[in-house]
Amino acid sequence: MLFAKGKRPDRAAIREFVANQIAVNLTHDPADDSQLQLVAAEGEVIKRAEPDRRAPDDVRWLELLRDGLMFDLRGLSDGEAISFPEVEFKFDLEEMPRPVFFEALQLTPGHHLAGGERTMPVAKGLIALARDLVHHFDEIEAIVWPHSSSAIGPRFFESVATSWLDGGPFPALGLTAFRETIDGALQSIGLNFWIDRELRIELPLSKDKISATRLAVRIVNQLVLLGGIDGNERVAAPDGSLLIMRTSRNGKFIRVWRE
């Protein structure tokens, strides 16, 4: 999450955010000597996290619980900002964010979720918590999704994230991005986070980049719903023609041609 210089929230501001949320709790503050614990509905005590010894001492962080999953929020203003993320694509922003104007907070799955970061419940929990923060903090200027190197305008992010979490289409413009390859194909960036493969719209389908992007957005939504494909499948194009989706020989791409 990108804030204008000097506008990052501190621990007190995050505590105020939590106090206004139904689904979010504060489970650990390393700067607080008190032992914060939660009790699950079944009576089981949820252990607080141990401090992450890899985190620099001057980076302040809190652990938040949403829907039974713990996430770390790092870079609070009572300490140093985290490193500025790499950004290549922008959505609903006039200019590409630059580190000279912005500072970042980082929201990540907690250490107990190591190895499960890419599972759909964890990813959706992360997006939901980011959406909650965007809704609460007007100072957030952009959301960066590092897997697609995308910077997303806060209102656009809040809208598409809420729609997806409520059962709508996957936010392909933002949680993935698209670029033209040297051979003229349109290739996704970041889809491999979700299904282990990238999408390629091949020539001549990719010649009209606007139409190809619209098609890619539809196919990405379908692929995320399915969890990817193995082998060949057919899919209908917007004009009613049939397309072939085929896994590449190296297994890294799903390639799309007109039948």
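Trainee: Where should I begin with the open sheet, and what is the order of its strands?

Mentor: Strands of a sheet pair through backbone hydrogen bonds, either parallel or antiparallel. In this predicted model, the open sheet has 6 strands in the order β12-β13-β14-β17-β16-β15, and its pairing is mixed.

Trainee: Which strands stand at the edges?

Mentor: Those are β12 (177-180) and β15 (232-236); each has a single partner strand, so one side of each lacks a neighbour in the sheet. From one strand to the next, the twist averages 25°.

Trainee: How many bridges join β12 to β13?

Mentor: There are 4, and β12 runs antiparallel to β13 (residues 186-189). To find one of them, look at E180, whose bridge partner in β13 is L186.

Trainee: Which helix packs on the sheet?

Mentor: That is α6 (residues 209-226), which touches β12, β13, β14 (198-201), β15, β16 (242-247) and β17 (253-258). The direction of α6 makes about 145° with that of β14.

Trainee: Now for helices against helices. How do I read α2 and α3?

Mentor: Two packed helices are described by the angle between their axes and the distance between the axes. Here the axes of α2 (residues 120-136) and α3 (residues 154-165) come within 9 Å and cross at roughly 140°, which makes α2 oblique to α3. The crossing of α2 past α3 is left-handed.

Trainee: Which residues make the contact?

Mentor: On α2, look for M120, I127 and V134, among others; on α3, the contributors include F157, W164 and L165. The residues of this contact divide into 10 nonpolar, 2 polar and 4 charged.

Terms used: Residues are numbered from 1 along each chain as its sequence is written. This is a predicted model: local features need pLDDT of at least 70, side-chain atom pairs count only at pLDDT 80 or more; totals for chains, interfaces and linings use all residues. Side-chain values use heavy atoms; hydrogens and water are left out. Two strands pair if DSSP finds at least two bridges between them. Helices (H or I, at least four residues) and strands (E, at least two) are DSSP runs, numbered from the N terminus. Axes are lines fitted to C-alpha atoms, for helices over the stretch in contact, and angles run from 0 to 180 degrees between N-to-C directions. Contact means heavy atoms within 4.5 Å. Angles under 35 degrees count as roughly parallel, over 145 as roughly antiparallel, 65 to 115 as roughly perpendicular and the rest as oblique. A crossing is left-handed if the near helix is turned anticlockwise from the far one by less than a right angle, and right-handed if clockwise. Ala, Val, Leu, Ile, Met, Phe, Trp, Tyr, Cys and Pro count as nonpolar, Asp, Glu, Lys and Arg as charged, and the others, Gly among them, as polar.
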